Amino acid sequence: MRRFVWLLLAAAAPASAFQDGGRAPVEDIWKPAPTPKGGISWQLLESTKETTRTDAQGYIRARPVFPAAVKALNGKRVKVAGWMLPLENAARQRHFVLLAYPPGCPFHFHAGPTQFIEVKADTAFPVDIENAIIVEGVLELTGQDESGIFYRLKAARPS
């Protein structure tokens with residue numbers, strides 16, 4: 001019986017729990033989109049911290065605390081790569097969300113406010129939900145209204 005319990009525990013243990021190299025470590029496939037040449041990284045955008053409070057209805061509200069390096073980008077034209085999350089049922093999008101990480105399950109949106117950008121484009125983008133795209137636009141730091149959106153790209157276009 002002990003051997004059976006040990007086997008069950010061993011099968012459920014993460015690969016890192018095995019010191020003898022019995023199982024290869026699992027590679028993390030959920031990586032942010034690579035930084036485009038001359039662009040900004042998700043690592044920089046994710047360095048923004050947040051303060052939270054619970055409102056009268058019990059909802060958690062968040063406000064950003066932007067580091068100096070992110071503040072310096074406010075109002076500047078930047079490039080960033082990510083995965084498109086369309087907001088309309090159309091083959092081309094002028095308003096969409098750019099995700100840092102590839103979408104996993106369409107029923108579970110797991111991105112925090114530092115891991116997506118609302119995009120408002122001058123030029124419509126063709127819908128591509130399978131490949132990372134590069135977007136160029138004017139970065140606007142938002143979130144002081146506790147909307148949950150910390151970043152917006154305005155006057156965006158494909159890069």
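**Exercise 1. Find the residue in strand 2 that is the bridge partner of Arg-53.**

*Solution.* In strand 2, Arg-53 has Arg-61 as its bridge partner. Before going on, a word on what you're looking at: this is a predicted model, where local features need pLDDT of at least 70, side-chain atom pairs count only at pLDDT 80 or more, and totals for chains, interfaces and linings use all residues. Residues are numbered from 1 along each chain as its sequence is written, and side-chain values use heavy atoms, with hydrogens and water left out.

Step 1: Helices (H or I, at least four residues) and strands (E, at least two) are DSSP runs, numbered from the N terminus. Two strands pair if DSSP finds at least two bridges between them.

Step 2: Strand 1 (residues 49–54) and strand 2 (residues 60–65) run antiparallel, joined by six bridges.

Step 3: look at the turn. The two strands form a hairpin with five residues between them, and Gly-58 in that turn has a positive phi of about 90°.

**Exercise 2. Work out in which order five strands close into a barrel.**

*Solution.* Step 1: the order is 3-4-5-7-6, with mixed pairing.

Step 1: check the antiparallel neighbours. Strand 3 (residues 77–86) and strand 4 (residues 92–99) run antiparallel over four bridges, and here Leu-85 stands opposite Val-97. Strands 6 and 7 are antiparallel too, with six bridges; Leu-139 faces Leu-153 of strand 7.

Step 2: now the parallel one. Strand 5 (residues 116–126) pairs with strand 7 in the parallel sense over three bridges, and Ala-121 stands opposite Ala-156 in strand 7.

**Exercise 3. Say which residues form one aromatic cluster with Phe-66.**

*Solution.* Step 1: know the rule. Rings of Phe, Tyr and Trp (its six-membered ring) pair if their centres lie within 6.5 Å; planes under 30 degrees apart count as stacked, over 60 as edge-to-face and the rest as tilted. The structure holds three aromatic pairs.

Step 1: Phe-66 sits in the loop between strand 2 and helix 3 (68–71), and Phe-150 in the loop between strand 6 (133–141) and strand 7 (151–158), 84 residues apart.

Step 2: Phe-66, Phe-150 and Tyr-151 form one aromatic cluster. Phe-66 and Phe-150 are both buried, and so is Tyr-151 (buried means under 20% relative accessible area with a 1.4 Å probe, protein chains only).

Key. Buried < 20%, exposed > 50% of the residue type's maximum accessible area, 1.4 Å probe, protein only.
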